[in-house]
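Please open the model in a viewer and keep the selection tool at hand. The stops below say what to select and what is found there.

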There are 2 protein chains.
Amino acid sequence: MPAPIDFYFDFSSPYGYLGAELIEALAAKHGRAVAWHPVLLGAIFKETGGAPLTQLPLKGSYSKRDFARSARYHGVAFRMPTRFPIPAQAPSRIVLSLRDRDPVLAARVAKALYRAYFVDDQDISDPGIAASVAGGAGADAAAARAAVDDPALKDALKCEVVQAIDLGVFGSPFVVVDGEPFWGVDRFPQIDRWLADGGF
Amino acid sequence: MPAPIDFYFDFSSPYGYLGAELIEALAAKHGRAVAWHPVLLGAIFKETGGAPLTQLPLKGSYSKRDFARSARYHGVAFRMPTRFPIPAQAPSRIVLSLRDRDPVLAARVAKALYRAYFVDDQDISDPGIAASVAGGAGADAAAARAAVDDPALKDALKCEVVQAIDLGVFGSPFVVVDGEPFWGVDRFPQIDRWLADGGF
């Protein structure tokens, strides 16, 4: 079995959400699993000098238009959330609390959290809301709520972020395939060919 | 005859070069012509706070890898120039000097200049080199060399940049189709569908 594809994402990232909707089918097409890595772009931007797209002159208004258009292009439901961006600690810790012992459930919960935010306009930065969404996706809601405040999971998320930066991750989504880095949903066609041909 | 597609590019932009190699076939597929608009990203970045990709932490090394990989993906010859980035005034003024009276020649010269820089590693910021390349592509080399220092063409280039910023152009390549803005070579598949379906 070849190594899984590493999928890095921030729960506040619209393109991360689109990537989350598309990555599993892409990986499965090539017999690969997906390793889900929630990260915090705010912490990464402190290292890299990046900034949220929507807050940049000119790029800001373009990006909002492009989020919605890219979602339509890929056939993915999307609504710009009322509150944006949000801190992603709560949903990220919940996903990490599930990942090692049940990666399939962790992926289902991650996608449910993303949809709650980018389709149903729920503020998943709220620990209670995030835990409730996780519960609806099959996780133990009380355990999920506890995970948000668990010091071990706080540390686990910090480590994910540090490791991601060490690997060169600077955006969301960011995919690493056998050591090759790909930034953005718009690189998924290149990932597809890379997986098919073993590089190009 | 529907309106041409507006194609904005900086001669120092690797993705602009890839776009220049691909845009005409894409437009022609849908019965459209291409209006070529050389701009100066340096001037645009002063307005938008942008910066050359290759100079950003993490993004810099990724982007160099992605330039070459994206070129291979699209089947376009590419070599990272020894001198990068370069000021694009000379080649831009030459293209503007040709565009209004012979847009077909202007496009041919633009592509020749891009290839001279991104394939043959010629420093097209040098007026003599840029004029020589234009001559090789069918333009009058002496007139091209004179265009670089022509105050009217200096003003024309400034106006192109100001108008581009007013339209929301903040990167290269940047394509506007019937008022709809698309940033990046990676949006060409969306442009393709937009032209086929009249929006989506």
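## The two chains

Because 100% of the interface residues of chain B are also interface residues in chain A, the copies meet through the same surface. The model shown is a predicted one.

## A helix pair in chain A

Next, select residues 89-99 of chain A, which form helix α4, together with residues 127-136 of chain A, which form helix α6. The two helices pack at an angle of about 35°, and their axes are 9 Å apart. The crossing of α4(A) past α6(A) is right-handed. Show side chains for the contact: α4(A) contributes A:A90, A:P91 and A:I94, while α6(A) contributes A:P127, A:A130, A:A131 and A:A134. Coloured by class, the residues of this contact comprise seven nonpolar, no polar and no charged.

## Backbone features in the loops

Move to the loop between α3 (59-74) and α4 of chain A, where A:P85 is found. The peptide bond from A:F84 to A:P85 is cis, and its omega is near -10°. Then turn to chain B and select B:P85, in the loop between α3 (59-74) and α4 (89-99) of that chain. Here the peptide bond from B:F84 to B:P85 is cis, with omega near -10°.

Return to chain A and select A:L58, which lies in the loop between α2 (41-48) and α3. A:L58 is not a glycine, yet its phi is positive, at about 65°.

## The second largest pocket

The last stop is a pocket. Which residues lie nearest the centre of the second largest pocket? Select A:A33, A:V34, A:W36, A:P103 and A:A107, which have that position among the 13 residues of the lining. The second largest pocket holds about 190 Å³ of space.

Colouring the lining by class then shows ten nonpolar, no polar and three charged residues.

Note on methods. Residues are numbered from 1 along each chain as its sequence is written. Chains are lettered from A and ligands numbered from 1 in the order in which they are written. This is a predicted model: local features need pLDDT of at least 70, side-chain atom pairs count only at pLDDT 80 or more; totals for chains, interfaces and linings use all residues. Side-chain values use heavy atoms; hydrogens and water are left out. Axes are lines fitted to C-alpha atoms, for helices over the stretch in contact, and angles run from 0 to 180 degrees between N-to-C directions. Helices (H or I, at least four residues) and strands (E, at least two) are DSSP runs, numbered from the N terminus. A crossing is left-handed if the near helix is turned anticlockwise from the far one by less than a right angle, and right-handed if clockwise. Contact means heavy atoms within 4.5 Å. Ala, Val, Leu, Ile, Met, Phe, Trp, Tyr, Cys and Pro count as nonpolar, Asp, Glu, Lys and Arg as charged, and the others, Gly among them, as polar. On a 1 Å grid over the protein atoms alone, a cavity is a set of points where a 1.4 Å probe fits but cannot get out, and a pocket is an open set with protein on both sides within 12 Å along at least five of seven lines; lining residues have an atom within 4 Å of a point. Grid points are joined across faces, edges and corners, and a volume is the space filled by probe spheres set on the points.
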